[in-house]
Number of protein chains: 2
Amino acid sequence: MSSIDVCFSPELLHLYDLKGKAVVAVDILRATSTMVTAFANGAADIIPVMQLDECLQYATQGCLTAAERDGVKAEGFDLGNSPFAYMNGHIKGRTIAITTTNGTRAIRMSEAAEEIIVGAFLNLQAVADHLIALGLDVIVVCAGWKGKFNLEDTLFAGALAAKLQDKFTFENDATLASLYLYQAAKADLVTFLRQSSHVQRLENLETNKDIAFCMKHDVYNTLPVWKKDRLVDLHAAPTLA
Amino acid sequence: MSSIDVCFSPELLHLYDLKGKAVVAVDILRATSTMVTAFANGAADIIPVMQLDECLQYATQGCLTAAERDGVKAEGFDLGNSPFAYMNGHIKGRTIAITTTNGTRAIRMSEAAEEIIVGAFLNLQAVADHLIALGLDVIVVCAGWKGKFNLEDTLFAGALAAKLQDKFTFENDATLASLYLYQAAKADLVTFLRQSSHVQRLENLETNKDIAFCMKHDVYNTLPVWKKDRLVDLHAAPTLA
């Protein structure tokens, strides 16, 4: 039986052996929710990068550029980190270079894994189905908040563990804690999260609508995975040559 | 109003500013539970050290030596890490040099703090009362398990947050998560913990009795604090000159 484990922060990732395993990278507010939304709205591929200037250079290659720092869109970029900015059809077929505070880091630091999948509540069932079919040991890598534990990524880990609990063993206390927290919170995730000072900071930036959207389960069937140097959607409709 | 925050692992401690704050170091299974028990049974002071050989050298200075590695007493030492080994009166008035896998590390890595207090369920109320009187911002430093998150230290953090919640603000998601987990678990901490693979490993070492004891609340009124190079009990009866 394969196992599921949870890493609460990229700062703890060196304690986990990723080799031969499937990583689910998660940054619910809002990087991975936004990436899932982008693919659902036709993005061709997504290049996550660590630095603002590196990201901006992709504009010269015909990419759209997206950046967020401390919760707001960075100056000079085409897109920020709100999923709603990716919904009006203008991203169809485009490559998006994106840098975010925590989410990009979780993805790029997981490159030793056999497979990296981008997870969000928005594509929870698609991720769970894929992991069951894949049969590898799973490590959920939470982006956290500036290296620290955060609730929303942990709640996603708990939601995924709930989906997988009949088919996977639980390796550690982090998975048990995530599952308990999700069970306590699932009746009303938004109200539960509103107690969090980190979420309160985001709310001050008028992202209430984003937060409510990012808590919705199974809105999309997209399955972003890491291929060589970028994310592609495994569930994308094949393009006609 | 002072704040309370929780650090789930010494591996995350660099993200926290300890200056001017009170640290509560916790390693429920079993280092800090054992230290609290040792003081309650008359230990004069406790010297936590990182390495086995450094610890053994204290024997030449008339100290008792105590060591545990991977859950069992290390060879050549007077004491292991079971609180029951500290109860038969032979430690009264003695200095104990102790090294443990995770707990010593949490204490020694917190030396930048204004005050370091050793916490366990066994002296929970004494720690809470002291923190309220002290009025400093509090960071609970969980020893964790080989750098990773563990449930039992988190449950202690939640129990302490429950005691302090009317008088302290909650700074971060880790404190909220700890409090929720404690509320879910407090009716039967032992059964709750038994799901943990880490606790199951300890149980294989026939430490069931230790685990049940370490979950008991407020058995002792001891208050171990760090003074210069060792732990002393602030609540110890004054010795007669």
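Asp229(B) is partly exposed, with a relative accessible area of 39% (buried means under 20%, exposed over 50% and partly exposed in between, with a 1.4 Å probe and protein chains only). Its salt-bridge partner is Arg230(B), with the closest N and O atoms 3.1 Å apart; a salt bridge is a side-chain nitrogen of Lys or Arg within 4 Å of a carboxyl oxygen of Asp or Glu. In chain A, salt bridges with shared partners join Asp45(A), Asp229(A) and Arg230(A) into one network.

This is a predicted model, in which local features need pLDDT of at least 70 and side-chain atom pairs count only at pLDDT 80 or more, while totals for chains, interfaces and linings use all residues. Residues are numbered from 1 along each chain as its sequence is written, chains are lettered from A and ligands numbered from 1 in the order in which they are written, and side-chain values use heavy atoms, without hydrogens and water.

Over all chains there are 10 salt bridges, including these:

| Pair | N to O distance |
|---|---|
| Asp210(A) and Arg30(A) | 2.7 Å |
| Arg105(B) and Glu11(B) | 2.8 Å |

Asp210(A) is buried at 5% relative accessible area, and Arg30(A) is buried at 5%. Arg105(B) is partly exposed at 22%, whereas Glu11(B) is buried at 19%.

Cys7(A) is buried, with a relative accessible area of 0%.
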